[in-house]
Amino acid sequence: MRGPAGLLALLAVAAATGVAAAADRFVPTDSGFVVANVRQAQPDERLRDLLLAWRANPATAESVALASAYIERARSLREPAFFGRAEAVLAPLASKLDANGSLRRLYAEVLQYRHDFAGAENLLDALLREAPHDPDARLLRASVRLVRGEFAGARADCAQLAVGAGNGATLGFACLAEALAGEGSLDRALSLLNSSPAQHADADSLARAYLLATRAELRERSGDLNGAIVDYCEALKLAPRDDSIRAALADALTARGDAGDARDLLAIDKPSLALLVRSAALSEGARRQELSARAASWLALEVARGDKPHLREAAMFALANGDAAGALAAARRNFEIQKELADVRVLARAACAADDAPALSSLQSWLRETGYRDSVTEGILDMSQRS
């Protein structure tokens, strides 16, 4: 996920507190094939203690503690393999009738990370039927719904959070603005975020980063690119390891013509696929070839392993390499699953590049039906009509 909803999901699980089925999985035939580079053969003391406790008694409390540690490692070290380890710990217990809320929330985040948004939402629906006042589950469901473009449902969840106190109120407030903007009330959403900044001063850094990232995205959609960049920069200072904010800022800098600054921003250790694809597109010569090869290998390995592919990044990568048909195919499939700002824009760009009238018409219909506004997407579609 790119955008504020990705940070919202992280916050939902942080506030609370794998391996998929073997069928149809990729099995290398070449004995020299590198499946993964495991850098940490010996875990540190805390993780070693959690592993020993879990192996001695793989019950709920031990599973939640170990899976939480794995998810934290996945994010802090940018090592997605730890999500797989968390899934392997949680999956045997998550489907049991007596599985508790903390365990199911964690498992929902793993499903969300794997882009199984429907599975995550179904799990959270059941959890909230049993515990309707669980703010962490409601926050995570709001995130899933925002990603899927289910803005009315997200608005209902966000509104309940906004009337609370502390971090939850700040998160609900920003989440509500994001949902309102998705339904067509972009100006109202921006006014909401600009109305009472002082009331969120006591929120923690990640909650304030989410609020700023949300306002940045809405400013960007309204055409205020410079204002958006200011907010993205402040949000990234508060959450420097959040790749969704880094990617959004890089996109905004590129759109303003500051490709060099965007390229520097993306030059980090162990970039996510979202950052890697953007870096490749902004690079030249041998550097571009190197980064493109890494991105292509990453995407190919997802397919080979039977994982759900990063379709947004696949579409962006195809566009950067002049494959309009491949970009449109990936962007269309991606839009069926998630509808964040980057998903809307990559579909518009791919449909325009492929000169595909049905795809352009379908996107225009969705924009009209939802009232979703984005100045960049509107510019792309206007250009396609004039050409």
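A word on provenance before we start. This is a predicted model.

First pair: α3 and α5. Helix α3 covers residues 60-76, and helix α5 covers residues 101-113. Their axes are 10 Å apart, and the packing angle is about 30 degrees. Angles under 35 degrees count as roughly parallel. So α3 and α5 are roughly parallel to each other. The crossing of α3 past α5 is left-handed. Who touches whom? On the α3 side, take Thr60, Ser63, Val64, Ala67, Ser68, Ile71 and Arg75. They meet Ser102, Leu103, Leu106, Glu109 and Val110 in α5. By class, this contact between α3 and α5 has six nonpolar, four polar and two charged residues.

Helix α7 runs over residues 135-148, and helix α9 over residues 166-182. The angle here is about 20 degrees, with the axes 11 Å apart. That makes α7 roughly parallel to α9. Again we have a left-handed crossing, α7 past α9. From α7, the contact takes Leu139, Ala142 and Leu146. From α9, it takes Leu171, Cys175, Glu178 and Ala179. What is the class make-up of the contact of α7 with α9? Six nonpolar residues, no polar ones and one charged.

Helix α14 is residues 259-266, and helix α15 is residues 273-282. They pack at an angle of about 140 degrees, and their axes are 9 Å apart. Roughly antiparallel would need an angle over 145 degrees. The crossing of α14 past α15 is left-handed. On α14, the contact residues are Ala259, Ala262, Arg263 and Leu266. On α15, they are Leu275, Arg278, Ser279 and Leu282. That contact of α14 with α15 divides into five nonpolar, one polar and two charged residues.

Aspartate 251 sits in helix α13, residues 243-256. Is aspartate 251 buried or partly exposed? Its relative accessibility is 22%, so it counts as partly exposed. The cut-off for buried is under 20%. Along the chain, aspartate 251 and arginine 278 are 27 residues apart. Their C-alpha atoms are separated by 8.3 Å.

Now the helix by itself: α18, residues 324-337. It has 14 residues. From first C-alpha to last, α18 reaches 20 Å, close to the 20 Å expected at 1.5 Å a residue. Which residues of α18 are buried? Ala324, Ala327, Leu328, Ala330, Ala331, Asn334 and Phe335. What covers them includes α17 (311-320), α19 (341-353) and α20 (357-370).

Last stop: leucine 381, in helix α21, residues 375-386. Its relative accessibility is 5%, so leucine 381 counts as buried. What does leucine 381 contact, leaving aside neighbours within four places in sequence? Leu360, Leu363, Gln364 and Leu367. Arginine 349 lies 32 residues from leucine 381 in sequence. C-alpha to C-alpha, leucine 381 and arginine 349 are 8.5 Å apart.

That's my tour. Over to you for questions.

Key
Residues are numbered from 1 along each chain as its sequence is written. This is a predicted model: local features need pLDDT of at least 70, side-chain atom pairs count only at pLDDT 80 or more; totals for chains, interfaces and linings use all residues. Side-chain values use heavy atoms; hydrogens and water are left out. Axes are lines fitted to C-alpha atoms, for helices over the stretch in contact, and angles run from 0 to 180 degrees between N-to-C directions. Helices (H or I, at least four residues) and strands (E, at least two) are DSSP runs, numbered from the N terminus. Angles under 35 degrees count as roughly parallel, over 145 as roughly antiparallel, 65 to 115 as roughly perpendicular and the rest as oblique. A crossing is left-handed if the near helix is turned anticlockwise from the far one by less than a right angle, and right-handed if clockwise. Contact means heavy atoms within 4.5 Å. Ala, Val, Leu, Ile, Met, Phe, Trp, Tyr, Cys and Pro count as nonpolar, Asp, Glu, Lys and Arg as charged, and the others, Gly among them, as polar. The expected span of a helix is 1.5 Å times one less than its number of residues. Buried means under 20% relative accessible area, exposed over 50%, partly exposed in between (1.4 Å probe, protein chains only).
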